[in-house]
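Dear colleague,

Please find the structure below, followed by a short account of what was found in it.

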Amino acid sequence: MSSPAAIALDRVTKVYDKPVVSDISLEVPEGSFVTVLGPSGSGKSTILQMIGGFLQPTAGRILFAGTDMTALPPNKRPCNTIFQDLGLFPHMTVAENVAYGLKVRGVDPATRRKCTTEMLAIVALEGYERRRIHQLSGGQRQRVALARALVLDPAVLLLDEPLTGLDERLRQQLRGEISRLHRRLGATILAVTHNQDEALSLSDRIIVLRAGRIEQIGTPREVFERPANAFVARFVGFDAILKPERVDSGIADWHARVAGRDIRCEPPVSRDPAHDYVLVLRPERIRIADPKERSDLGPLTVISTAYKGRDVEVESRLVDGQALKFLISADPGVAVPASGSSIEIVWEPMKPLLLPDALVEP
Amino acid sequence: MPHEPGLRESVDARWPAGFLLALPSLAVFVGVGFIPLALIATWSFWSFDPDTYWIKPAWSFASYAALFENGRATVFLRTAGLAALTATASTLLAVPAAGLIGLLSGPRRAALLLALFTIPFFTSGLVRAFAWRLVLGRQGIINNALMSLGIVVTPVEWLLFSDFAVLLGMVAAYLPFAIVPIVLAFARIEHSVIRASQDLGAGFWTVFATIVLPLVLPGIVAGFLFVFVVAVGTSMEIQLLGGAGASSISIMINDVLRVVNFPLAFAIATVVITLLTVLIIIANRALRLSRLFESLGI
């Protein structure tokens with residue numbers, strides 16, 4: 001038997017006026033980086049606050065390394081949170097901020113100084129000991145918050161939207177920083193975010209949340225390549241979704257019928273009798289077919305095109321009235337179709353996925 | 001002088017829109033604030049002519065020398081001491097009250113509680129001070145209650161016409177002056193800061209001592225100063241509730257004006273205003289008190 005998970009949620013529910021988190025069970029293994037991914041209002045912050053001890057679950061248990069700590073207040077839990085707005089102490093220096101948790105725990109001043117110095121070196125803030133918080137840049141503040149939590153060597157580090165509200169350059173830099181700290185210190189990390197890039201690049205495991213329920217748990221690759229349903233698919237970037245008229249199961253491939261055309265699809269990974277199947281495509285893998293080429297779908301009428309820098313977004317309509325948006329390269333060599341023109345499209349070698357149409361709220 | 005092109009532009013640059021917008025309030029400040037104060041300060045250096053009972057423009061420090069005669073310095077010290085005591089007591093009461101309003105209540109309840117604290121201002125200060133006589137007097141509510149309960153046989157004398165009564169009346173009257181700045185200071189504390197401190201292992205009292213108290217300190221000092229300044233200038237509570245020999249700076253000024261010694265009265269006023277101004281400037285420099293009011297938009 002393996003050692004108990006650093007954090008386990010056992011059928012946790014939180015109800016305000018209506019359920020915000022419904023019957024969630026999940027595990028964060030020791031040393032892993034788990035991300036809860038979901039749109040705003042999906043209950044991900046509530047989960048983090050219940051783990052941190054700032055909210056009490058309505059039902060269920062929260063276990064740290066196998067020990068039930070559901071009833072403990074925040075200051076008695078072996079985890080530390082990096083809040084979205086950090087909560088750095090404005091009346092203290094950087095060093096005092098980092099040493100705060102040690103001081104509260106009654107660690108002697110010499111050890112405190114030593115640990116603080118080491119931790120500031122790890123987050124590359126040597127020489128900033130005596131600075132005040134308002135003298136630091138956004139990225140430096142994030143690193144102070146990281147150091148302040150990590151110096152306590154928490155069993156679990158909780159990150160609340162760690163990279164939200166930072167500019168792109170800083171985002172990339174910090175993403176690297178967090179990933180490096182995770183590997184170097186072997187820290188167990190649970191992050192919540194609404195940003196799929198963040199989740200995909202940082203985590204060992206992603207939990208996709210929607211309206212307080214888990215939609216899928218898997219590695220980034222599994223979630224990205226094999227989304228469990230249309231909701232997850234759309235969340236990780238499968239924006240081109242079509243409703244088939246008919247779906248036929250096969251042995252190797254399944255076949256779906258869209259606007260009178262027969263389309264070869266991947267067999268569905270998950271089946272959900274409550275929902276019909278939808279056909280899901282990556283919008284950037286679609287291109288416009290040459291006149292001589294055998295197309296995968298068509299004809300489509302181009303409604304509009306929009307220049308997006310790297311790509312051109314084409315909004316089109318099928319003969320059965322379904323809308324389809326996709327991206328074509330914005331290279332000068334690639335012709336942009338005129339509005340109103342008729343086109344055929346190709347997505348080979350990608351095969352569309354058939355997924356349960358869970359787009360409607362359950 | 002020849003007309004220079006671009007003169008209008010340079011005038012505009014020298015009198016920017018901000019200055020024009022500030023002009024009305026600046027006019028009020030200079031008209032009813034600065035000019036009268038300047039006159040008082042100037043006339044305090046003129047001489048009092050006992051023959052005509054009038055002042056004449058002969059520069060002298062006589063009024064300032066007189067500050068140290070006839071026990072006037074003692075009145076200064078006593079007034080400052082009483083004001084400091086009032087301000088201390090008010091601040092001690094205001095911190096938990098403001099904490100309740102600014103930190104623990106939602107915005108709606110906070111507004112309601114703050115309004116409740118300002119209701120006493122709806123009645124005249126004179127009436128409020130007088131009301132204490134009905135509470136504290138020999139036949140007052142407290143003495144009647146104590147006697148009917150058999151706790152005392154004769155009325156407690158020191159309740160009224162004593163320093164205790166004055167202190168009670170002043171604290172009751174000026175407590176809201178201490179509460180408002182402390183509420184503002186509490187409201188400026190970000191919730192995440194307190195959460196972070198709990199998250200890092202601090203219990204209730206540690207959070208209070210290491211995070212909350214240092215962050216509301218400017219509000220506490222501002223509240224103390226507000227009450228202190230008002231308490232230094234008051235005479236009502238002392239006249240209505242104080243003992244026979246009780247005096248204060250404002251009563252002293254009143255007495256001096258009764259014999260129309262304007263320069264002396266003005267000298268006392270000038271010293272008080274100067275000392276209070278210096279006190280406030282020092283406190284503001286040290287703790288950036290003016291920041292507290294940024295959130296109000298003033």
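Two residues are taken to be in contact if their C-beta atoms, placed from the backbone, lie within 7 Å. This is a predicted model, in which local features need pLDDT of at least 70 and side-chain atom pairs count only at pLDDT 80 or more, while totals for chains, interfaces and linings use all residues. Residues are numbered from 1 along each chain as its sequence is written, and chains are lettered from A and ligands numbered from 1 in the order in which they are written.

Arg130(A) lies in the loop that joins helix 3 (109-122) to helix 4 (138-150) of chain A; helices (H or I, at least four residues) and strands (E, at least two) are DSSP runs, numbered from the N terminus. Apart from neighbours within four places in sequence, Arg130(A) contacts Thr93(A) and Ala95(A). Its C-alpha atom is 8.4 Å from that of Glu96(A), 34 residues apart along the chain.

In chain A, strand 13 (residues 254-258) pairs with strand 14 (residues 261-265) in the antiparallel sense over 5 bridges, where pairing requires that DSSP finds at least two bridges between the strands. Arg257(A) stands opposite Asp262(A) of strand 14. The hairpin has 2 residues between these strands, and Ala259(A) takes a positive phi near 50 degrees there.

Turning to the two chains, the contact takes 18 residues from chain A and 15 residues from chain B. On the chain B side, helix 9 (191-199) and helix 10 (204-233) each supply at least two residues, and helix 9 gives the most, with 6 residues.

With kind regards
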